[in-house]
Amino acid sequence: MVALGAVLFALPMVVMVLGSLRGRGLPPPRGLELLPAEASLSAYSAIWGALPWATYLRNSLLVVAFAVPLSLLVGSLAGWGIRLLPARQKRAVVTLTFVALLVPVTAVWATRFELFRLVGAVDTLVPLIALGLVATSPFYVLVYAWAFHRLDPGVLDAAAVDGAGPLRSWWSIAMPQVRPVTLAITVLAFTFHWGNFLDPLLYLSSPDVYTAPLGLRLMQQLAPTDWPLLMAGATALAVPSVLVFLVGQRVFLHDPLHLLERR
Amino acid sequence: MTIRIPAAVLSVALLLAACSGAGATRDADAPRELTLLLVGGPEEIAGYEAMAGAFADANPDLTLRISPVAKQDDLLARLATAIAGGSPPELFLINFRKYGQFVEQGTLEQVQPYLDASDALDESDFVEPPLEAFRYDGSTLSCQPQNVSTLVAYVNLDMFAAAGIAVPHDGWSWDELVTAAQAMTGDGGYGLGTDASLIRLAPFVWSNGGEVVDDTDAPTRLTLSEGPAREAYDFFLDLSLVHGVVPPDAQVQSEDHESRFIRGGLGIYLNSRKSTPTLRTITGFDWDVVPLPVAPGGQPVTMLHSDAYCIVGGTGLEADAWRVIEFAMGEQGQTILAESGRTVPSRIDVLDSPGFLDPSAPPAHSEVFADNARIARATPHVAAWAQVEDAVDDALESAFLGRIDREDALRRMDELAAQLFAQG
């Protein structure tokens, strides 16, 4: 059953990779081709000429490099804050966080845009990175709050008696014990920011600050005979997410570097 | 404590953001920057970048930034957000079926006064149908038409020859379309490929002397169920449901019409000029364009597919934006853009020039586009039109592919359209 599920999820990736190997200038295949006609890797070299991919990838990497650590920092601090609150306030804050989770993104488009315009940040990468300031998603905050709740109160009390403040306890006691959560949220936040299409579409107007998902969307305008290029672009964009997932999964299951051991 | 830390991070980030904004303060001598938002793929973007470069060379006090998006929907999303957020582009390029909402909102600077005062451009330089399509109130030009693409029939000359059918270069009738399509259907090939949408059906209705709506200036309902329009609706659906010359549902899902035509599996393919650059990559057979077939006793007519440059009002750079349009619509600008093969120029002199009509690059009969430019008709200019199409096309396609009954589809289309027209 698990294998069947894995095959179902992997199939689109397989179609994508096979499609990218098909020779250019041919009409698209009418079904799944196991051996693409005139198979070659030429599409992978050709995509660099079609659009400024180096720029798009650099911008995407910049966003991920800042937004993911920022999301972890803010998410874990906010989760820790919830952990430390008295029971009644805690309920109120958790409820509020849930409400924030339910607000559709479309409801805050225009106001966010106005805010970023006021600080002169429209058409820069700042609005994309700034998502990290709200932990990217209230969901990450809730996951951290839940994880911190499972910590042994005795250890925390002992640390407090020894003079550790809330920040010291967060860094030295709480964070080392929730490493699996940090790892999971790293994977989730990376996947979100790396594949984020809507925010760049709305906030960016200069091609020199475009990110890779916008570039990939532009490739959809290519003729059907050039779809190997689109598939090559899609494959190239998917590889980092797949790698992050596979590394994350390996660490979860086997922990070869002992990253997840509680200390 | 935990509340203060994120607040501190936020302040630093906002400070950084403010600094980056301060750096953008305009220097009085620096060139003024204009942004042109448009829909385009990699090849078109390259064409527009080349035009922007030539524009900057000719206008040292201005720079033109091309801001491309991939789809009309993306353009509308970005434009609406940017306008609501107070930071719109100075110019955008949009299809005539989508610009109405921006006129209604008062977002646009009308181009008519600029055109009237221009030394570089004259209204009589352009073919009439796209001008008419962009006169929202019927008299004042809202946006400057850039191109005048129209619906044509792309034909596979090898399939016509194999079926022993003469290619209808001088026009043909509905019956001749059915005969030709039937002769080319079989052995895995199909005679005709067309999307089932209001903009594909409309020219059939008009050719038969019917109308798509009750009042083209102030429509309140669709009229597809009446008289000649109903005959055209039935003829269009019969192509699929009775004659079986159109690929059926499962075939359409597995391969789109354009890919099927490129592969050599489609005799006739209805689309606008948009397909020409792609079809030029065909090496396996010869192809050409012919006009749409004419209804019995009817008129030759086709569907307009035109985009125009619109100037956003209130930016303070409206006059500069008009200079961009003057350049883009001048001979140099039009020549650069025409190189992609995607554009049918709206300037009469360029449209009728040997450069555009050059028979060495297929299609051999490019004059079909030039002739069509004179007889094309537009859909009604009302703000709700884009939504009406979205709503109606779904039902029309379902009927065309045999998923629902044609009477049900008509009722559904009538209801949806009436609601949307009523909402304005």
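Which residue just after α3(B) takes a positive phi? Just after α3(B), the residue with a positive phi, of about 80°, is B:Gly86. Helices and strands are taken here as DSSP runs numbered from the N terminus, helices being H or I of at least four residues and strands E of at least two.

This is a predicted model, in which local features need pLDDT of at least 70 and side-chain atom pairs count only at pLDDT 80 or more, while totals for chains, interfaces and linings use all residues. Residues are numbered from 1 along each chain as its sequence is written, and chains are lettered from A and ligands numbered from 1 in the order in which they are written.

**Helix α3 of chain B**

The helix α3(B) has 13 residues and reaches 18 Å from its first C-alpha to its last, close to the 18 Å expected at 1.5 Å a residue, where the expected span is 1.5 Å times one less than the number of residues. Its buried residues are B:Asp74, B:Leu75, B:Arg78, B:Leu79, B:Thr81 and B:Ala82; a residue counts as buried if 20 or more other C-beta atoms lie within 10 Å of its own, as exposed if 12 or fewer do, and as partly exposed in between, with C-beta atoms placed from the backbone. What covers these buried residues includes α5 (109–118) and α11 (198–203) of chain A, together with β1, β2 and β3 (91–95) of chain B.

Chain A has 13 helices and zero strands, and buried residues make up 37% of its 263 residues. Its C-alpha atoms fill a box of roughly 70 × 50 × 30 Å, taken along the principal axes.

The contact takes 43 residues from chain B and 42 residues from chain A, two residues being in contact if their C-beta atoms, placed from the backbone, lie within 7 Å. On the side of chain B that touches chain A, α1(B) gives the most, with eleven residues. The table sorts that side by class, where Ala, Val, Leu, Ile, Met, Phe, Trp, Tyr, Cys and Pro count as nonpolar, Asp, Glu, Lys and Arg as charged, and the others, Gly among them, as polar.

| Class | Side of chain B that touches chain A |
|---|---|
| nonpolar | 22 residues |
| polar | 15 residues |

Leaving aside neighbours within four places in sequence, B:Cys310 is in contact with several residues, including B:Leu91, B:Phe92, B:Ser142 and B:Cys143.

Four strands of chain B form an open sheet in the order β8-β9-β7-β10, with mixed pairing; two strands pair if DSSP finds at least two bridges between them. The edge strands are β8 (190–193) and β10 (287–290), each of which pairs on one side only. Four bridges join β7 (residues 152–156) to β10(B), and these two strands run antiparallel; the bridge partner of B:Val155 in β10(B) is B:Asp288.

In the loop between α13 and β10 of chain B lies B:Phe285, which is partly exposed because 15 other C-beta atoms are within 10 Å. Leaving aside neighbours within four places in sequence, B:Phe285 is in contact with B:Asn156, B:Leu157, B:Asp158 and B:Gly264.
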